[in-house]
Amino acid sequence: MTKEQEAMLARINLYAEQVMADIDPQKTPISVQLEKLRPMMERIASEQGRPLEDIFIEYMDLASEFSVEKAKQCNKDYLDFDMSPEDTYRSH
């Protein structure tokens, strides 16, 4: 993920925290969530001179990539926590 992509993802996520603070993402259809994010995506599309659809697709890809990386890190942290000091020493 490039710095520009990280910045775009962070910007949209910050906006999401503001406009979807009272929405349960587990119970709210993704189409409704994306509609809430539309104003920010339109702003970014306008700034970058790109179609809204491109921003939408890039956001979805970046959000998925971020989720995968976060899950990997969580699993790694859990495995590190789960290992005894002797196991940790042997694995290095």
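Modeller: Helix 3 gives the most residues to the lining of the largest pocket, namely 5. Helices here are DSSP runs (H or I, at least four residues), numbered from the N terminus. The model is predicted: local features need pLDDT of at least 70, side-chain atom pairs count only at pLDDT 80 or more, and totals for chains, interfaces and linings use all residues. Residues are numbered from 1 along each chain as its sequence is written, and side-chain values use heavy atoms, with hydrogens and water left out.

Colleague: What is the make-up of that pocket lining: how many nonpolar, polar and charged residues?

Modeller: The lining has 12 nonpolar, 3 polar and 1 charged. Nonpolar covers Ala, Val, Leu, Ile, Met, Phe, Trp, Tyr, Cys and Pro; charged is Asp, Glu, Lys and Arg; the others, Gly among them, are polar.

Colleague: OK, switching to Leu-34. Where does it sit?

Modeller: Leu-34 is in helix 2, residues 30-48.

Colleague: Buried or exposed?

Modeller: Leu-34 counts as buried because its relative accessible area is 15%, and buried means under 20% (1.4 Å probe, protein chains only).

Colleague: And which residues is Leu-34 in contact with?

Modeller: Leaving aside neighbours within four places in sequence, Leu-34 contacts Met-41, Phe-56, Tyr-59 and Met-60. Contact means heavy atoms within 4.5 Å.

Colleague: How far is Leu-34 from Ala-16, C-alpha to C-alpha?

Modeller: Those C-alpha atoms are 9.3 Å apart, with the two residues 18 apart along the chain.

Colleague: Last one: what does Ile-55 touch?

Modeller: Not counting residues up to four places away in sequence, Ile-55 touches Met-8, Met-41, Ile-44, Ala-45, Gln-48 and Arg-50.

Methods
Helices (H or I, at least four residues) and strands (E, at least two) are DSSP runs, numbered from the N terminus. Buried means under 20% relative accessible area, exposed over 50%, partly exposed in between (1.4 Å probe, protein chains only).
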